[in-house]
There are 2 protein chains.
Amino acid sequence: MAEERIRVNPDKLKSLAARELQAVGVPEEGAKITAEVLVTADLRGVETHGIISLVPFYITWIKEGRITPKPDIKITDSDAAVATADGGNGLGYVVTHRAMKKAIELAQKTGAGFVAVRNSTHFGPAFYYAMMALEHDMIGVALTNSPVPEVVAPGSPLVAVGTNPLSVAAPSNKKYPFVLDMATSVVASGKYRKAIVEGKSVPEGWAIDREGKPMTDPNQRSLDNGGTLPLGGTPDLGVYKGFGLGVAVDIFTALLTGSVPEIFQKEKGTSHFVGAFNIKSFIQVDTFKNLMDGMIEGYDALPKFPGIKNIYIAGGLEAKIQEDREANGIPLWPKVIETLKETANELGVEFDLL
Amino acid sequence: MAEERIRVNPDKLKSLAARELQAVGVPEEGAKITAEVLVTADLRGVETHGIISLVPFYITWIKEGRITPKPDIKITDSDAAVATADGGNGLGYVVTHRAMKKAIELAQKTGAGFVAVRNSTHFGPAFYYAMMALEHDMIGVALTNSPVPEVVAPGSPLVAVGTNPLSVAAPSNKKYPFVLDMATSVVASGKYRKAIVEGKSVPEGWAIDREGKPMTDPNQRSLDNGGTLPLGGTPDLGVYKGFGLGVAVDIFTALLTGSVPEIFQKEKGTSHFVGAFNIKSFIQVDTFKNLMDGMIEGYDALPKFPGIKNIYIAGGLEAKIQEDREANGIPLWPKVIETLKETANELGVEFDLL
């Protein structure tokens, strides 16, 4: 990619994304939520889960009938600290946003609140939902299984579990919040797409082929030719841990909602699990947040290897990127802007990004 | 070790351990709980957390005044789904056992219950507390930070975070329960002790020295010479994930109890976090357990690489070991039995293991 990226205004990008989603039938509220989540991913530098996915994933899937644009979303109270949700096969963004609001309400009443979501679709970046807890002085968590398995079980050449990400977010006082968002595999699929676009091979340790040998050509991946390794990679380096975390995510998402575990799943829907822990039910909020600040300062004050400028805990680098992008705009590749423009023209909505 | 291990009766081993703990001042209930947890670790093949630690760790620490044998344990209700606990610097086993019982009670009332524990000490194998949820048809979780940092932050040559294990347990129907228990680092310290005893080097990827080079001599580890790597190991293979999980555990344990985060910790006490999710608040218990069975069968039916007999999810291998050891006894090294015998003699309690 010899071209330079072009900075665009985040608010204009949100409005454009929402207009395009509305044009394919998504109601205004859901369109705005989805646009907000996508653009927040770009603001924080998580581009694999940003606006780049809008047209090829969500607009396309709605057009193809794989996602219901106006779903019948149900959220049902089932216990003082628990609710369950049915996404009606709509955008995972919309039902999960509602589910996390519900979890926060429950945590306000009981100290902790959880919502398990079934019959949903891809919900984008897990961190967004976990971060919704921050302004309420809560710790947020968000888990999701994956629409298709991409990760091998240790000992088998076939994909059997999803990349199954988990996110945890916790507020600080003067410093950035802790925001962990990680696939439970060595890498998530966005990294292969990036390597394919850039014509590069991928590092040994990401994936194996059906003989168990390292697979470094990202184009070799297929459902019956090995797959991505669980975090840890090898028995010596703790592959059972990544695999265990992936299965644990499937337990909290698929199994706790009565859905199909990934081992049997062939695009049979996606399930999520979100939760909030009310900090003040455990300890004074100020004490907690000041300890967070101190911890963040402590890590950054560590001695560093040559070439290392800062030691951030999770979320620190993203907060720095967000500061820059909120002030100076989100840098997008011309090809991404072109796709958004073509789609706007095709759907008959205004394009005002440039 | 040319000697053979000797099988001992699990119940006799529990009684002996409890007698020795009582002889150094631990009240009967706490001594029995601690013995039960230690021997369960041996029954499940988790020997690093088994009876081998009784004398060199707990008996010694109590004698040295580092652990209070008769602690003032307080558990305080703080919200409908939350309680907090103070371990009174007693055995981590005793306060955490009570805390998990409390979390289960809370989950019976609200659907989910959590207890954060401060002012505690080493609690042994995390899985035991998570597994306490199983007989109540709940999913259990248990986290702990570490008394001392052993794990480097990515970019730094100094240890800054603990091995900070996490455990998740979920019940099945006819199959074994899912029981994940993992350090958030590549390995926990027991693996180095094992290598030292066996006179072996450790694999590249476990630890780095203060120059950032692989440290394969287990005797080289010290507080100012590098340390264990977070799970993932390198930036390419996801080291930020293991580091992020380690910090997340510190947030739920140290910070949520107002204790000192590990970055500043020099043996300043240990904190834990336990929780239970009541399955019936989410879904019918039978549906969940049958899905668990199906998932376990699905993994084991996967095609396998040559030499792989079974594909277990977490807890499967341990359940198989437990079946054997409950029937045939726990195999202990003669040296371990000798230490137990010497300690029994020294403390004036009956030794009836052989």
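How exposed is Lys74(B), in terms of relative accessible area? Lys74(B) is partly exposed, with a relative accessible area of 45%; here buried means under 20% relative accessible area, exposed over 50%, and partly exposed in between (1.4 Å probe, protein chains only). Welcome to this structure, which is a predicted model: local features need pLDDT of at least 70, side-chain atom pairs count only at pLDDT 80 or more, and totals for chains, interfaces and linings use all residues. Residues are numbered from 1 along each chain as its sequence is written, chains are lettered from A and ligands numbered from 1 in the order in which they are written, and side-chain values use heavy atoms, with hydrogens and water left out.

**Where the two chains meet**

- Chain B brings 87 residues into contact with 86 residues of chain A, where contact means heavy atoms within 4.5 Å.
- About 6600 Å² is buried between chain B and chain A, and carbon and sulfur atoms give 78% of this area. Buried area is the accessible area (1.4 Å probe) that two parts lose on being put together, summed over both.
- Lys241(B), Phe282(B) and Phe305(B) supply 11% of the area that chain B buries against chain A, more than any other three residues.
- Between chain B and chain A there are zero salt bridges, but 26 residue pairs are in polar contact (both at pLDDT 80 or more). A polar contact is a pair of N or O atoms within 3.5 Å; within protein, one must be able to donate a hydrogen and the other to accept it, and residues adjacent in sequence count only if both atoms are side-chain atoms.
- Helix α7 (residues 239–253) of chain B gives the largest share of the side that touches chain A, with 10 residues. Helices (H or I, at least four residues) and strands (E, at least two) are DSSP runs, numbered from the N terminus.
- Sorted by class, the side of chain B that touches chain A has 57 nonpolar, 19 polar and 11 charged residues. Ala, Val, Leu, Ile, Met, Phe, Trp, Tyr, Cys and Pro count as nonpolar, Asp, Glu, Lys and Arg as charged, and the others, Gly among them, as polar.

**Salt bridges**

- Over all chains, the count comes to 32 salt bridges, each being a side-chain nitrogen of Lys or Arg within 4 Å of a carboxyl oxygen of Asp or Glu.
- Arg7(A) and Asp324(A) meet through their side chains in one of these, at 3.0 Å from N to O. Arg7(A) lies in strand β1 (residues 6–8) of chain A and Asp324(A) in helix α9 (residues 316–328) of chain A, so the pair ties together parts that are 317 residues apart in sequence.
- Arg7(A) is partly exposed at 41% relative accessible area, and Asp324(A) is partly exposed at 30%.
- Arg66(A) pairs with Glu64(A) in a salt bridge, with the closest N and O atoms 3.5 Å apart; Arg66(A) is partly exposed, at 39%.
- In chain B, Lys74(B) from the opening question forms a salt bridge with Asp72(B) (3.5 Å, N to O). Asp72(B) is exposed, with a relative accessible area of 51%.
- Arg5(A), Glu47(A) and Arg325(A) are linked in a network of salt bridges.

- Strand β9 (residues 178–182) of chain A is mostly covered, with four of its five residues buried.
- Strand β8 (residues 166–170) of chain A runs antiparallel to β9(A), and five bridges join the two. Two strands pair if DSSP finds at least two bridges between them.
- Val168(A) has Leu180(A), in β9(A), as its bridge partner.
- Thr40(A) sits in helix α2 (residues 28–43) of chain A and is buried, with a relative accessible area of 9%.
- The side chain of Thr40(A) reaches the backbone oxygen of Glu36(A) at 2.6 Å. Thr40(A) also touches Phe127(A) and Tyr128(A), not counting residues up to four places away in sequence.

- In helix α6 (residues 190–198) of chain B, Gly190(B), Tyr192(B) and Ala195(B) are buried. Their cover includes β10 (207–208) and β11 of chain B.
- Gly199(B) follows α6(B) and has a positive phi, near 65 degrees.
- Leu231(B) lies in the loop between β11 (227–228) and α7 of chain B, and counts as buried at 0% relative accessibility.
- Leu231(B) and Leu255(B) are 24 residues apart along the chain, and their C-alpha atoms are separated by 22 Å.
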